[in-house]
Amino acid sequence: TVAQALETGGGGGDGSSHKRGLGLESDLQLVFFHPQYVFRDGRDRAGEHQAANYARRSPYPMINVLRTSQVRAAQRGLPTALVYQQNEQTLDDLGADVLADMLKRRDWAGLGKGGHLRVDRTRVDVLRIAQDLMRLDDDKEKEPDLPVPLPPRE
């Protein structure tokens, strides 16, 4: 049930079984947030990379409902793997202890003005790579030299 997913931080992480039961898997994407969320993608997010789990932690269990069409449109402009890589680096820089304290106190002032963190987009070359990909849209013959693999083109 959705209540069980909220209690555990999403079960499988994407809520696919819940969407299938409602017949909405092609229309909606569910993103789960939870105070104890831990990614279950097979990557080692313990030790030095445990701060990355805070990308999906929140003071209260909740579900973000996204329209699949809007997510796909956004992904055309910026490869998702690069966004994850940049987010993980930013959270690692802050540190798991600092993030845990902010979550516990529900005080985001440590992130900067108004609780908003200014992300240095040049650190993972996200913008340069996204711009290269947009230019390549006109030139299907060339493939970019990327630090992460891209999903196949549709």
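Q: How many aromatic pairs does this predicted model have?
A: The count comes to one aromatic pair.

Q: Why is the pair of Tyr-37 and Phe-39 called edge-to-face?
A: You look at two things here: a pair of aromatic rings is described by the distance of the centres and the angle of the planes. The ring centres of Tyr-37 and Phe-39 are 5.3 Å apart, and rings pair if their centres lie within 6.5 Å. Their planes sit at 85°, and over 60 degrees counts as edge-to-face. So edge-to-face it is for Tyr-37 and Phe-39.

Q: What makes us say that the charged end of Arg-106 sits over the ring of Tyr-60?
A: For an Arg, the CZ atom has to be within 6 Å of the ring centre and within 35 degrees of the ring normal. The charged end of Arg-106 is 4.9 Å from the centre of the Tyr-60 ring and sits over that ring.

Q: Which ring does the charged end of Arg-56 sit over?
A: That would be the ring of Phe-33, with 5.9 Å to its centre.

Q: What does the secondary structure of the protein chain come to?
A: There are six helices and two strands. Along the sequence they run α-α-β-β-α-α-α-α.

Notes:
Residues are numbered from 1 along each chain as its sequence is written. This is a predicted model: local features need pLDDT of at least 70, side-chain atom pairs count only at pLDDT 80 or more; totals for chains, interfaces and linings use all residues. Side-chain values use heavy atoms; hydrogens and water are left out. Helices (H or I, at least four residues) and strands (E, at least two) are DSSP runs, numbered from the N terminus. Rings of Phe, Tyr and Trp (its six-membered ring) pair if their centres lie within 6.5 Å; planes under 30 degrees apart count as stacked, over 60 as edge-to-face and the rest as tilted.
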